[in-house]
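Here is a short briefing on one chain. Please look over the sequence and the fold before reading on.

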Amino acid sequence: MMSSVRIRVVLVEPLYEINIGYVARAMKNFALEELYIVNPRTNIGITAMKFASHAQDVLEKAVIVKSFEEAIKGVDYVVGTTGKHGREYNIRRSAITPEQLCEALKDFSGYVALVFGREDIGLTNEELEKCDVIVTIPANPKYPILNLSHAAIIIFYELYKCFHPVKSFLPEASHEEKERLIEYFNELVDVIGLPEHRRYTAKMAFRRVIGRAFATSRELYALYGVFRRAVSLIREYENLKSKRGR
């Protein structure tokens, strides 16, 4: 990872081989390599390898341990996860969001264990008490419990964004290019003959829309042509009307 944070992913007594494979795959997707598995209640064989896809090396290097204590041994900061977070009075299950976890880890330097509980009962209260912080994923209150691998993917993604510079696939248009589009729009507003107060409103509204929009240079250039062509046609029409009126 591109930071001084080292992350160990811990699965506590996973029940389904397919989930182990999917978690390994998600780890590979988001540049995580270290997997510890506590007392798995399933084989870790062909099915796990199949669903790990190109992350089979993560599974091959996974460390199998017998207890929660072994899994977090040697780390500096233990992050537990839960789908059943508590209110203010339930300190044991007081939880933060994945985004807040990223903020907490931005200036952290050390070894972090990211612990996921059992598919059927999650982490026990005793295990949660050994965590430094608890993370939960905001979801529909009527059904907030996510599949193990799905929850892992969401948290891995948030951590990846936190520690890796993510470049946009589409470069945003420059300020100058946006100003040029606004000038073309303003010219169009002027030639269509709107009352002065409506011109101001239209121009300001368009500026605000462009200010909030994510637009590429190519997209703006496509609109340049539309506005310029519209202005040209309107002026040609006005000139024609003027000649006929003489």
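The points below cover the overall build, the surface and one residue.

This is a predicted model; local features need pLDDT of at least 70, side-chain atom pairs count only at pLDDT 80 or more, and totals for chains, interfaces and linings use all residues. Residues are numbered from 1 along each chain as its sequence is written, and side-chain values use heavy atoms, without hydrogens and water.

**Overall build**
- The chain holds 10 helices and 6 strands (DSSP runs: H or I of at least four residues for helices, E of at least two for strands).
- Its radius of gyration, taken over C-alpha atoms, is 28 Å, well over the 18 Å from the globule rule for 246 residues, so the chain is more spread out than a compact globule. That rule is 2.2 Å times the number of residues to the power 0.38.
- The C-alpha trace spans about 100 × 45 × 35 Å along its principal axes.

**Burial and surface**
- Of the 246 residues, 39% count as buried, meaning under 20% relative accessible area with a 1.4 Å probe, protein chains only.

**Phe 116**
- Phe 116 sits in strand β5, residues 110-116.
- Phe 116 counts as buried because its relative accessibility is 2%.
- Not counting residues up to four places away in sequence, Phe 116 touches residues including Val 10, Val 12, Leu 123, Leu 148 and Phe 156 (contact means heavy atoms within 4.5 Å).

Terms used: Buried means under 20% relative accessible area, exposed over 50%, partly exposed in between (1.4 Å probe, protein chains only).
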